[in-house]
Amino acid sequence: MAKFQISPKLQMSRRKFLTASSLGLSGIALSGCDAFDSGLGIGGGLRSFLENANGLTWRAQRLLAGRDALAPEFTEADIRQPQRPNGVTAPDDDTYKGLLANNFADWRLEVSGLVEKPLSLTREQLQNMPSRTQITRHDCVEGWSCIAKWTGTPLSLVLDQAVVKPQARYVMFHCLDTIEQSLSGDIKYYGTIDLIDARHPQTILAYGLNGKPLPVENGAPLRVRVERQLGYKMPKYLSKIELVDGFANVGGGRGGYWEDNGYDWYGGI
Amino acid sequence: MDTVANNRSASEAAGKDTTLIYRQSRWTRLTHWIWAFSLFFMLLSGLQIFNARPQLYIGKQSGFEFNNTILQIGAENTANGPRGFTEIFGHRFDTTGVLGWSGPPGQETPRAFPSWATIPSYYDLGTARVVHFFFAWILTTTLLVWLVAGLINGHIRRDLAPRVSDLRKLPRDIVDHAKLKFHHTREYNTLQKMAYGGVLFVALPLMIVTGLAMSPSMDSVLPWLNEILGGRQTARTIHFTVMVLLVLFFVVHILMILAAGPINELRSIITGWYRTDPPEKPDQPTERSA
């Protein structure tokens, strides 16, 4: 951009320039160049325009999949390797390390926000609730897949116990692991899903992996499985579930840590 | 449908007996350019997405504890410094500067496809996905519009549907193409029909289908899709392979246009009007080259 000298009379807003230039045939000439890159930043006009397609994808897939269409489940023979750990695999947070040292005896899952009855559940209480075991394929946004067997408490049961208020629209997950150290302090992983996915039969709070307790690298003591979406929608090291009515108080306002860094809120594709 | 305009003045001046015909309908021309534009962005954003995991696997999942990798692009440290490599079916090639390790001299970085081939130029998976899925909708919608228009206006039946005579003409057609001898007629030749039909009825639908098969949400709607394709990672590998075929098609397409007469070919896909060869005279059986 800096290379172009545009006289003040001809100057138009960067947004208009980028939209016009990239949507015109000249977009081909701009490939990979700084001008095109800068229009794609989060909040940029061009990017916001292109992101409309994500909303379309979300609505189309919701229409087709409905509430209860199940993700494919596999057989024991398809479990050919340990679940590949990804992202944070050994939280360095003192709180987490303290809980781990005590084998999570002092760990609690808080359920708060727009609920009638806030909860504080121990691991034993969760494990004493009805469980679901499923062999599913974990699809990472990067492109790889890994099949594993997950055991956990259906999230819908926990939500029923807490009694969700009618104005609640999303379930926000608060995690114990620091994903980023910023100038304003440590950022712990966070994310949201809507109540349709939260109440999906395969959406579980998993404490077991491949027949054993969930290991630290895969999110001990508790992680979410949202089987119709990509891996970044399934936070690990859960500590709190908060029912919210919007993203205004969720990190940067786009609904999750990776969403605030440019991923789509809907990770179904 | 066929509008014929005698354009004697120009052709007589050139000493040729040629005719301008209206060859490409507005639907063909419009959809052609939307595809060209969309595929450009889909390719560059797709290469960026691939860079996030520059490996291709066969099967339902990616082998981390077992080997089902058929293609890998990466960088490694050697005695001569970092080198880029590409490994296909176990055969390793040094691709430093383009694949695996590239960038301005002194500022090379490990990246599968080089900066000039990706959108954005820097590593940004999230943005590439935004661009990719936007143009996926454009491309798919355009393909459906083309299909409906082509069925209604007869383009598909008249110009693309294979006929027995096409098979008969095929050997001669291959020889003519090899000799860069082109006939400018209203009809597509056999190789053209195969190329265009292959892209529109096989390659692009396969791209859409394998793209959908990679979506975990679509897998809940169409669970049989990955079973037919051989698993999600095979679907991803097919998606990549068809991309390579589409790039090859593009290269050949451009070469053929240049060889057959770029001005005439471009005019027909922009304005619809195409200058055809004069009709063959019975006493001159030899065909004229382009």
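Student: Which residues touch the most other members of the largest nonpolar core?
Tutor: In this predicted model, they are Val171(A), Phe173(A), Leu205(A), Ala206(A), Leu238(A) and Val131(B). The core has 79 residues.

Student: Which element gives the largest share of this core?
Tutor: Helix 3 of chain B, with eleven residues.

Student: Why would nonpolar residues group like that?
Tutor: In soluble globular proteins, nonpolar side chains tend to be buried together.

Student: Back to Phe173(A). What is it in contact with, leaving aside neighbours within four places in sequence?
Tutor: The partners of Phe173(A) are Tyr190(A), Gly191(A), Val224(A), Pro235(A), Leu238(A) and Ile241(A). Of these, Leu238(A) was also named above for the core.

Student: And what is in the second, separate core?
Tutor: That core has six residues, among them Ala213(B), Met214(B), Leu229(B) and Ala235(B).

Student: OK, the two chains. How many residues of each are in contact with the other?
Tutor: On chain B there are 39, and they are in contact with 42 residues of chain A.

Student: Which helices of chain B supply at least two residues of that side?
Tutor: Helix 2 (26-52), helix 3 (125-152), helix 7 (216-221) and helix 9 (232-260) each do. The largest share of the side that touches chain A comes from helix 3 of chain B, with nine residues.

Student: Switching to chain B as a whole. How many helices and strands?
Tutor: Chain B has ten helices and nine strands. Its C-alpha trace spans about 70 × 50 × 35 Å along the principal axes.

Student: What share of chain B counts as buried?
Tutor: Of its 290 residues, 29%.

Student: And what share of its contacts between residues at least 6 apart in sequence join residues at least 24 apart?
Tutor: In chain B, 58% of those contacts do.

Student: Now chain A. Which domains does the assignment give?
Tutor: Domain 1 covers 14-63 and domain 2 covers 70-260. Taken over C-alpha atoms, the centres of these two domains of chain A are 32 Å apart.

Student: What does UniProt say about residues 104-245 of chain A?
Tutor: An unreviewed UniProt entry annotates them as "domain: Oxidoreductase molybdopterin-binding".

Student: How much of that span is helix, and how much strand?
Tutor: Residues 104-245 of chain A are 13% helix and 47% strand. The end C-alpha atoms of the span lie 30 Å apart.

Technical notes. Residues are numbered from 1 along each chain as its sequence is written. Chains are lettered from A and ligands numbered from 1 in the order in which they are written. This is a predicted model: local features need pLDDT of at least 70, side-chain atom pairs count only at pLDDT 80 or more; totals for chains, interfaces and linings use all residues. Domain bounds come from an automatic or database domain assignment. UniProt positions are given in the numbering used here, feature names are shortened, and annotations may be inferred rather than shown by experiment. Helices (H or I, at least four residues) and strands (E, at least two) are DSSP runs, numbered from the N terminus. Two residues are in contact if their C-beta atoms, placed from the backbone, lie within 7 Å. A nonpolar core is a set of buried Ala, Val, Leu, Ile, Met, Phe, Trp, Tyr and Cys residues joined through C-beta atoms within 7 Å. A residue is buried if 20 or more other C-beta atoms lie within 10 Å of its own, exposed if 12 or fewer, and partly exposed in between; C-beta atoms are placed from the backbone.
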